[in-house]
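Trainee: I would like a close look at one part of this model. Please take me through it step by step.

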Amino acid sequence: MKNITPVDNIIELRNVYKTYDGKDAVKNASLTIKRGEFVTLLGPSGCGKTTTLRMIAGFELPTSGKIIFNGKDITNVPPHLRPVNTVFQKYALFPHLNVFNNIAFGLKLKVVPNGTKVNKKGETVQLFRKYTKAEIKEKVNRFLKLVDLEDYGHRNVSSLSGGQQQRVAIARALVNEPEVLLLDEPLGALDLKMRKDMQLELMDMHKRLGITFIYVTHDQEEALTMSDKIVVMRYGEIQQIASPEKVYDEPANAFVADFIGESTILSGVMLEDYKVEFCDHVFECVDKGFKPNEPIDVIIRPEDLKIKDKNSKDALITAEVISSVFKGDHYQVTLMANENELMAHDTEGYEVGETVGLYIKPFDLHIMHKTRLMNELDTVITGENLVEICGADFECKTDLPEGTPVRVVIDFDDVEITDDEDDGIISATVVSSIYKGSYYQAILSTDDHYNFFADTDYDWFKGDRVGIKIAPDKIIIEKRDETEHQEEKVVIDETLTAEEQAYIEEIREQEPEEFDVVEEILEEAKEAPLLADEEEKADDQEQSEKEGE
Amino acid sequence: MAKIKFKKLRLTKKVFSIPYILFLLLFVVIPLVLILVNAFLDSDNNLTLENFKVFFTSRANLIVLGNSLLVGIITTAFCLLIGYPVAYICSKMSSGKIIVLLYILPMFVNFLIRTLATKAIFIAMGVELGMGTVLFGMVYNYLPFMILPLHTTLSSIDKSYSEAAQDLGANKATVFLKTTLPLSTSGIISGITMVFIPTISTYAISQLLSNGKIFLFGDSIQLSFEQGLYGVGSIMSLVMLAFVLISNLIMNAFNSNSNAVRRSLW
C-alpha cells in the first residue's frame, strides 16, 4: 500500500452483475465514487440505474462482483448495517408515525461510542450506548430546521404536501449522518417549479454537509444541473462516466448524445485524420486516430451550427429551411442539407424555403466510433440453408453442415421491420429510434434480449411490437471458433486524472478487507442503558408526548 | 292536504337500496322490536320487569355468561396467535393466496357437519369431550375469519416501508415490530371483531363437542326459547346484543387511535 492516497474513494463497484431470470439488469458495472462527490446515475427507465443504487443500499445482492465501502467489502452486508441512507422514490414515510417520529426512527435504533472498558481478559473494549431522548429531540429539531419544517413535528405525514413529504424523507435519511446519501428519483413526483427549488436545495445541502450523494434520475437536465459526475447507463451497461460538461460536449456514443440534450446525429466517414465527410461535403475536424474511411457518427449540438448568408465566404454548405419555431429565447430552425436533416438554434427566425449557408467550427464537430457497425450474433447452423437467430430458423445461403458454430453478420440496412408482428420471422420490441439526418436507426429488442440495429425510413414508436425479416442472401455467415472469448471492457471514469486512474486500477487488483459487523456490540448496548438515560426518561417522556400530540 | 302528490318514480341510486331496506325492516328491525317487547311481557302478556329479575338473580345464568365471554376471549387469542404467523408467511410467499385458500376451504362444508365430524374424530381418538375440545372446535371454525383480513392487510403493506426501516438501521425483528405490526393493526382489529363477536353468541359447537356438558350463552338462549320462556330469552338476547355493541365500540376506538391504514376492511 502507498502512503499517500491519491483518490479518496468511498464506494467502489467492481465488475458488478445483477441477473434476473437470465436477463442482465446490470452488466459489468465498475465505478469509483470519491468522498463528497455528487454522482448521478442517469439513463432511461429500465437501464439498471435503480438496481445499481439498490445494490449499494443492500436491498439487492449482486449476482457477481464486489461492492467496496471505505476499502471494506460490503457486498453481502445487510442494509441495516451499512453506513448509507436512502431517500426513496415514493418517500416511504411511515404512515403510523408523525413527522417527528419518522425522523427519529433511525436515531432510536442507533448506537454511539460511549468510552471503553477493560474486560476480564484485559482487552480494551469499545462501549456503546443509545441516544438519550434529549439528544434525539435536539437532532430531529435541527434537521427539521434544515429542511424548513420546524413547526411540523407533530403533524401526520399524510397531511403534508408532496414537497413537504419529500423534505421529511430527506431529513429522516440525513439525521443519521450517513457517509453516503442515496437518492432514488426523489423529485419525480413533484411539479416542475417545486422540482427546480428542491434541486437547488439539495445542491446546497450537499455543499453544506459535505457528504457523498448518489442520485438516480432519468431527467438529463436534473443530472446536468446537480452533479459533479454523471454515470450514463443503458441496458444495464455503463456508457460513459464523466463530468456534466464532458457528457454534454463529448458524448461517448450516439446514445449518450441523443439522451443528453438535443443534437443532430449524422452518419459519416472519416477520410483521414482531421478530415470527415458527411452531407456530401468534406469538413475539417479536430479528431484523429480513426481508421481511414471508417464509418462514424457525427454529433452536432444545435447551438453550434451557425446559420450564415448563402453567399457568405464562411458558409461550408448550403441548406434549405424546413421550419423555424420560436422557443422563447431562441428559434429552433430545422434545415435540409443534401438530404440530411440538421437542427440549429438561432436568435433570428428564417423564412421556410429560404436557402442559407451553414458554418460549424471544426472543434464543434463531435466524432464518435459507431457503437456497432453490423449486427453480429453467435449461433449455429440448424439445417440445410438454415441458421438459428434468436430462437427461430432463418433461411440463408451456406454450405456448412448442421451444428456448425457460426457468427452471423447482418447489415443494419438489411434488417426489415414489419408493422405486423406476425409478418416477421421473429418478433421484437422497439426500444429506441434515433434520427440520423436522412434515416432512422431503430433498436429492436427480441424476446431473447438480443438488440437488433436497423436502418429504416420510418420512425418506429418506442415500445411497439414489430416483426423482423431478413432476406436469405443478406445473412452473412462466418465460421466461428467456439473457444474465442470476448473481453468485457470497463468504461473509464473521465473525471479522473491519469494518475488517479492508474491508482484505481492498482487497488482494483487488491482484495478488500472484511466488513466488521458490530451486531453483538449493538446487542450489548441494548442490555446496558446509560444511567443518565434512565433519569432523563421521566421528564423526556412528557416532552415527547407533547411532541406526539 | 291538497299538496300531496306522488312524485314520479325515477330510477336513481336510492331506488336500488329499497329491496335491502325492506329486507332489513322485515328480518332485522321487526324481530329486534319483538325481542324488546317480549322482554317486558310475562307469560300472560302483562307488562312486567319480572324477566330481568329472573335473569340477573340467577347465578347459573351469570356463570354461563361469564363462561361464554371467557371462551370468546380464549378462542380469539388462539386464532390471533395461529392466524397472524400464517397470514404473515403467506403474504411473503408468491403462492400465499393458494395457501390462504386451503385454510378457507373447510368453510365450504356446513359447520354442523364439520363439527359432528370433529366430534367423531375425537371420540375415535378416545379424547374426552370437554372444554378442550370445545375450544378446539371454536378455533377450528373461526380461524379463517382471522386469517383472511390479516392476509389482506399484510399483503397490501408496501414493501418500501420495511426497506426504509432496514435502511434506517432496523434488523429483521425490529422491522417487524416497528413497521409491519403497527401497519397491520386494522387487519388485527378486523380479525378480532370477526372472531370474537360470533364466538360469544355461538351455540351448537359447545353442545356437540362437550356432549352437552359445557353450556354457553348461545345455548341457553336457545334453551329458553325452546322451553317457551320468551321473556327471559329476550333479556338474554338483549344482554348479548349489548356485549356485541360494547366490543364493537372498543374495536372502533382502537382503530381510530391507530392511524395506520385508515380504511377498515369490514
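Which residue is the bridge partner of Ile381(A) in S24(A)?

Mentor: Val387(A) is the bridge partner of Ile381(A). Keep in mind that this is a predicted model. The bridge belongs to a pair of strands in chain A. Strand S23 covers residues 375-383 of chain A, and strand S24 covers residues 386-389. The two run antiparallel and share 2 bridges.

Now widen the view. S23 and S24 sit in an open sheet of 5 strands in chain A. Read across, the order is S25-S24-S23-S26-S32, and the pairing is antiparallel. So S24 lies between S25 and S23 in that order, while S23 lies between S24 and S26. The edges are strand S25 (392-395) and strand S32 (476-479) of chain A. Each of these edge strands pairs on one side only. On average, neighbouring strands of the sheet are turned by 45 degrees against each other, direction ignored. Strands of a sheet pair through backbone hydrogen bonds, either parallel or antiparallel.

How far can the model of chain A be trusted? Its average pLDDT is 82, and 91% of the residues score at least 70. One stretch needs care. Over residues 519-549 of chain A, pLDDT stays under 50. For that stretch the model has 28 contacts beyond four places in sequence. Where pLDDT is low, the predicted coordinates should not be read in detail.

Chain A also touches chain B. The contact takes 18 residues from chain A and 17 residues from chain B. On the chain B side, helix H7 (159-167) and helix H8 (172-183) each give two or more residues. H7(B) gives the most, with 6 residues. That side divides into 7 nonpolar, 8 polar and 2 charged residues.

Note on methods:
Residues numbered from 1 in each chain as written. Chains lettered and ligands numbered in written order. Predicted model: local features only at pLDDT ≥ 70, side-chain atom pairs only at ≥ 80, totals over all residues. Pairing = 2+ DSSP bridges. Helix = DSSP H or I, 4+ residues; strand = E, 2+ residues; numbered from the N terminus. Axes fitted to C-alpha atoms, helices over the stretch in contact; angles between N-to-C directions. Contact = placed C-beta atoms within 7 Å. Nonpolar A, V, L, I, M, F, W, Y, C, P; charged D, E, K, R; others polar. pLDDT = per-residue confidence, 0-100.
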